[in-house]
Amino acid sequence: MSDARGRVTFTRVGVWRGGRASLPLWLGMLPFGLVIGVLADAKGLSFVETMLMSAIVFAGAAQLLTLDLWADPAPILAAIIATLVVNIRMAPMGAALAPWLDKLRGWRLWGTLATLVDHSFALAAAEQRAGGRDAGYLLGVGLGLWVAWIVTVAIGHMLGSAVRVPPGHPLFFASVAAFVSILVPLWRGPRVDLAPWLVAGLVALAVHRAGLPVPLPLLAGTFAGAALGAWIELRGRGVRA
Amino acid sequence: MELRGDVLLAILGMALVTYACRAGGYAVLRVVRPPPFVDAMLRHLPGCLFVAYCAPPLVAGAAPAWIGAVAVIAVQLALRNIGLAICAGVATVWLAQRALG
């Protein structure tokens with residue numbers, strides 16, 4: 001811990017170390033990237049469009065969600081809103097890494113932020129807590145994951161073009177499966193999450209049944225659940241104080 | 001090698017809001033501390049979002065989808081690997097559809 005107070009650096013060695021730390025995560029990304037590539041092809045996105053999206057959006061959950069509601073012509077506004085709602089979770093990450101980021105300037109700061117994803121945040125936060133001072137590590141992990149993402153999505157798109165996936169195929173369960181698996185580590189116990197998650201699911205279902213278009217069921221469910229969660233949390237804090 | 005205008009616009013918009021979340025979150029939240037309610041809501045947002053996403057397809061998918069979801073949770077708990085959990089879920093739904101259909 002004492003090292004954390006030392007000078008924060010940004011070295012090539014740190015970037016390489018981060019890149020190597022990302023390697024074990026490649027295996028986990030492989031099926032996720034493949035699914036994105038196959039789905040993008042099934043939704044009629046060309047190879048160039050798929051690769052451009054993966055390269056500059058670089059956010060698996062958001063891409064999966066938008067591909068799910070994709071149509072021709074592209075649902076521009078719905079895609080942007082869905083992406084914003086999924087990725088708003090990234091906003092507090094940069095602030096949490098401020099002890100490193102505050103010491104960076106120019107491309108090192110804004111470029112590193114461009115590569116920030118859940119896994120690079122988790123690894124960098126752990127490294128920071130362990131006294132690490134080389135902020136290059138964060139960029140290294142992010143870049144490593146970015147390369148893995150590009151490669152796996154490309155392979156998925158090529159596979160998708162080779163094998164046609166009919167609508168209703170079990171492969172389309174992949175997006176639900178991805179989000180169910182993300183939910184597992186997010187669960188903080190019934191006292192904190194049960195009521196908000198129930199409300200989120202029920203409101204989404206009700207709005208969906210009412211025939212309102214995507215992404216409205218998603219938005220209504222998310223904000224109803226999160227508002228309830230925040231209300232319960234603040235009320236609990238008030239009682240204890 | 002097709003790049004359509006409407007698709008390009010959607011992708012650019014997605015990239016822009018994503019960068020705003022990544023970089024803007026850092027730039028704003030390190031100067032301004034959000035009110036406690038907003039702060040708590042941000043913490044609840046991811047879980048509620050994914051539940052809201054999954055609820056309609058799980059209900060529509062009936063038994064095979066639920067069996068698939070249980071398989072995903074089991075594999076995620078055991079191996080802590082999202083990729084493998086996705087594969088297990090898709091394989092389970094495929095088997096369940098064949099067995100039940």
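User: Which residue ranges does the domain assignment give for domain 1 and domain 2 of chain A?

Analyst: This is a predicted model: local features need pLDDT of at least 70, side-chain atom pairs count only at pLDDT 80 or more, and totals for chains, interfaces and linings use all residues. Residues are numbered from 1 along each chain as its sequence is written, while chains are lettered from A and ligands numbered from 1 in the order in which they are written. Domain bounds come from an automatic or database domain assignment. For chain A that assignment gives domain 1 (2-169) and domain 2 (187-241).

User: How many residues of domain 1 of chain A are in contact with domain 2 of chain A?

Analyst: The centres of the two domains, taken over C-alpha atoms, are separated by 27 Å. Contact means that the C-beta atoms of two residues, placed from the backbone, lie within 7 Å. On that criterion, domain 2 of chain A supplies 5 residues, and domain 1 of chain A supplies 5 residues.

User: How do the residues on the domain 1 side divide by class?

Analyst: Ala, Val, Leu, Ile, Met, Phe, Trp, Tyr, Cys and Pro count as nonpolar; Asp, Glu, Lys and Arg count as charged; the others, Gly among them, are polar. The side of domain 1 of chain A that touches domain 2 of chain A has no polar and no charged residues, and its nonpolar count is 5.

User: How many helices and strands does chain A have?

Analyst: Helices (H or I, at least four residues) and strands (E, at least two) are DSSP runs, numbered from the N terminus. The C-alpha trace of chain A spans about 55 × 55 × 30 Å along its principal axes. Its secondary structure comes to 12 helices and 0 strands.

User: Which element of chain B supplies the largest share of the side that touches chain A?

Analyst: The contact takes 76 residues from chain A and 60 residues from chain B. On the chain B side, helix 1 (5-29), helix 2 (36-79) and helix 3 (82-100) each supply at least two residues. The largest share, 28 residues, comes from helix 2 of chain B.

User: Are helix 7 of chain A and helix 1 of chain B parallel or oblique to each other?

Analyst: Helix 7 (residues 106-114) of chain A packs on helix 1 of chain B at an angle of about 135°, with the axes 8 Å apart. Axes are lines fitted to C-alpha atoms, for helices over the stretch in contact, and angles run from 0 to 180 degrees between N-to-C directions. Under 35 degrees counts as roughly parallel, over 145 as roughly antiparallel, 65 to 115 as roughly perpendicular and the rest as oblique. The two helices are therefore oblique.

User: Which residues of helix 1 of chain B meet helix 7 of chain A?

Analyst: Helix 7 of chain A contributes A:Trp110, A:Leu113 and A:Ala114. By class, this contact has 6 nonpolar, no polar and 1 charged residues. The partners in helix 1 of chain B are B:Tyr19, B:Arg22, B:Ala23 and B:Tyr26.

User: Which element of chain A has the lowest mean pLDDT?

Analyst: pLDDT is the predictor's confidence in each residue, from 0 to 100. Chain A averages 90, and 97% of the residues score at least 70. Helix 2 (residues 47-56) of chain A has the highest mean, 98, while the lowest, 87, belongs to helix 10 (residues 173-186) of chain A.
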